[in-house]
Amino acid sequence: MTRRELEITDLGEIKKILETCKVLHLGLVDDGNPYIVPMNFGYTFEEGKLVLFLHSGVKGYKLEVMKKNPTCCFEMECDVTPFAGKVSCQYGMAYSSIIGRGEVEIITDPKEKIGMMTTFMKSQTGKDFEFNERLVSIVTMMKIEVSEYTAKHRPIPEAMR
């Protein structure tokens, strides 16, 4: 991160970003070709480490790519607010974001998928749902153990308020 003054390191603030964002953009590489797909997500912290949960249908291009190359990156943003200035270079966007990397793993164990879907839905809706093996058999669950990430908040500049 070049603008360290915008970096967020406080875990409480990072969790607020994770709770506010509803879509992450997952970056994969297929035989040297980049591929980005927007996805809903859930999250948890396991032993202090960020873990993301994704879900999709049981087949498709992104799953094929993940099986060949599990290395991934992701980006999510929220609270995006444009601001104007007196001259063109003073225009910009206020936002909060998280960018990171990891390895994506496709989870097949039904009990683990049930736990992941429960966390996923709680993250997306704030509500508790119950799942069973039949329900999770019709979706693919993916887990990203995040190896590194940075969080950032760019406010509206004081002069623009």
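The protein chain of this predicted model contains four helices and eight strands, taken as DSSP runs (H or I of at least four residues for helices, E of at least two for strands) and numbered from the N terminus. In order from the N terminus, the elements are β-α-β-β-β-β-α-β-β-α-α-β. Residues are numbered from 1 along each chain as its sequence is written. Local features need pLDDT of at least 70 and side-chain atom pairs pLDDT 80 or more, whereas totals for chains, interfaces and linings use all residues, and side-chain values use heavy atoms, without hydrogens and water.

The mean pLDDT (the predictor's confidence in each residue, from 0 to 100) is 92, and 98% of residues reach 70 or more. Confidence is lowest in helix α4 (residues 133-136), with a mean of 90, and highest in strand β2 (residues 23-30), at 97.

The C-alpha atoms fill a box of roughly 60 × 40 × 25 Å along the principal axes. Of the 161 residues, 36% are buried, that is, under 20% relative accessible area with a 1.4 Å probe, protein chains only; exposed means over 50%, and partly exposed lies in between.

Two aromatic pairs were found in the whole structure, a pair being rings of Phe, Tyr or Trp (its six-membered ring) with centres within 6.5 Å, and edge-to-face denoting planes over 60 degrees apart. Y35 and Y61 pair edge-to-face, at 4.7 Å centre to centre and 90° between the planes. This pair links strand β3 (residues 33-40) to helix α2 (residues 61-68), its members being 26 residues apart. Y35 is partly exposed, at 24% relative accessible area, as is Y61, at 37%. Y43 and F45 also pair edge-to-face, at 6.3 Å and 80°; Y43 is buried, at 13%.

Notes
Rings of Phe, Tyr and Trp (its six-membered ring) pair if their centres lie within 6.5 Å; planes under 30 degrees apart count as stacked, over 60 as edge-to-face and the rest as tilted.
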